[in-house]
Amino acid sequence: MKSILLKTLFLILSIGIVHSLLSFSATISEKMANTNWRELYSKPINQWPKPTIDKGVTWQEFEPLDVDTSYYERMDDPKVILGQMLFFDPKLSGSNQVSCSSCHDPELAWGDGREVSLGNDHLQGKRNTPSLYNINARKSFFWDGRATTLEEQAQGPITAHHEMNMDAKSLAKKIKNVKGYAVLFQNAYGNANVTYEKILQSLATFQKTILSKRSRFDAFIDGDYSQLSDQEIQGLHLFRTKARCMNCHSGKYFTDESFHNIGLTYYKRDYEDLGLYHITKKAEDVGKFRTPSLRDVMYTGPWMHNGLFDNMTGIVNIYNSGMHMIDPDESEKAADPLFPQTDVLLQPLNLDDDEIVALVSFIKTLSGRQYKMERPQIPR
């Protein structure tokens with residue numbers, strides 16, 4: 001119930017702000033409506049209008065995904081084959097009931113479709129399960145960036161009590177006792193010796209194969225300008241300019257790989273999560289979370305670190321509000337150095353209803369065909 005109330009509050013507030021700004025933005029919208037966006041963007045990307053980027057922000061121009069021509073070659077790699085088996089095998093958990101794929105399901109865009117994860121003994125986690133799409137391109141892992149390699153990341157779910165609840169010291173012996181794994185380790189590593197490190201390395205090697213498929217937007221960048229509608233092209237322009245999205249969502253994977261407080265810390269309330277602060281213990285990191293990639297975003301909801309948002313238009317609405325509803329004043333900040341401050345990059349956008357529709361329509365073009373995978377026959 002509290003989750004529903006919070007979502008409703010944000011949506012009502014943001015919609016109210018949107019409508020209060022309609023008169024202010026009417027002149028701008030009329031001017032934009034008279035612009036031929038298709039003409040501006042039906043040309044090589046280096047000739048597109050420059051994006052609106054705040055001072056000090058490091059950004060990258062968009063890049064299309066490559067056509068994947070080596071999928072079958074990658075999947076024939078013995079380490080990938082072993083890693084795939086381990087990824088789908090519930091024997092990696094203490095209960096023999098939970099696998100990596102329990103939370104990262106290929107049928108659910110390599111996430112779980114839940115607000116927060118559900119693991120061992122049906123215990124809930126505190127955060128939304130990130131999709132594994134393009135995880136090899138990430139520079140840090142988890143919402144708070146506490147892991148810097150895929151091998152390090154794999155250890156977290158395996159050993160966490162509320163996820164797979166497996167004793168790391170016992171895992172290698174447990175897998176070694178499964179006869180079917182001997183030949184897989186032999187093929188992958190040249191010997192049948194099972195170690196915890198090999199298990200983590202194999203899992204990481206498999207996860208690196210999980211890539212997004214090309215979307216209509218990739219085809220558009222490559223010169224097939226019929227792939228996007230006029231409304232979607234307008235949304236592309238808004239994404240790059242008035243909506244200021246490229247301050248955080250740029251490059252090939254639409255993420256700056258950085259951490260921001262977007263105003264959803266819920267400080268000293270239900271759902272409180274201090275994010276990056278738990279790792280760094282720096283006051284300026286309170287409420288900061290990793291910028292997620294927008295590749296295949298329409299398949300990876302519900303969204304945000306707590307999974308409380310399941311409507312993309314609603315999310316655009318709250319960004320449109322500026323997200324500075326609960327910033328502290330100077331006296332509050334002095335009295336409580338941990339009181340979270342929303343990132344200065346977030347400002348009211350003054351988007352009208354039609355512009356919001358156009359922006360959402362463009363965001364939808366970033367999702368390609370879902371990459372699904374048949375579950376392998378697990379060794380016995």
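Contact here means heavy atoms within 4.5 Å. Keep that in mind for the neighbour lists.

Some ground rules. This is a predicted model, where local features need pLDDT of at least 70, side-chain atom pairs count only at pLDDT 80 or more, and totals for chains, interfaces and linings use all residues. Residues are numbered from 1 along each chain as its sequence is written, and side-chain values use heavy atoms, with hydrogens and water left out.

Start with the annotations. UniProt, in an unreviewed entry, lists Cys 100, Cys 103 and His 104 under "binding site". The lining of the largest cavity takes in Cys 100, Cys 103 and His 104. A cavity is a set of points on a 1 Å grid over the protein atoms alone where a 1.4 Å probe fits but cannot get out; lining residues have an atom within 4 Å of a point. One caution: UniProt positions follow the numbering used here, feature names are shortened, and annotations may be inferred rather than shown by experiment.

Now the residues. Cys 100 sits in helix H6, residues 100-103. Helices are DSSP runs (H or I, at least four residues), strands likewise (E, at least two), numbered from the N terminus. Is Cys 100 buried or exposed? Buried, because its relative accessible area is 15%. The cut-offs: buried is under 20%, exposed over 50%, partly exposed in between, with a 1.4 Å probe and protein chains only. Beyond four places in sequence, Cys 100 touches Phe 87, Met 164 and Leu 203.

His 104 is in the loop between H6 and helix H7 (150-159). At 13%, His 104 is buried.

Next set. The unreviewed UniProt entry also gives Cys 245, Cys 248 and His 249 as "binding site". Cys 248 lies in the loop between helix H12 (230-240) and strand S1 (259-260). His 249 is in the loop between H12 and S1. Cys 248 is buried at 17%, and His 249 is buried at 14%. What does His 249 contact, leaving aside neighbours within four places? Phe 62, Phe 239, Phe 254, Thr 255, Thr 291, Pro 292 and Leu 294.

Last, backbone geometry. A cis peptide bond joins Gly 301 and Pro 302, with omega about 0°. Pro 302 is in the loop between strand S2 (289-290) and helix H14 (312-321). Met 304, in the loop between S2 and H14, is not a glycine, yet has a positive phi of about 75°. Met 304 is buried at 11%. Asn 165, also not a glycine, has a positive phi of about 55°. Asn 165 counts as partly exposed, at 32%.

Terms used
1 Å grid on protein atoms, 1.4 Å probe; cavity = no way out; pocket = protein on both sides within 12 Å on 5 of 7 lines; lining within 4 Å.
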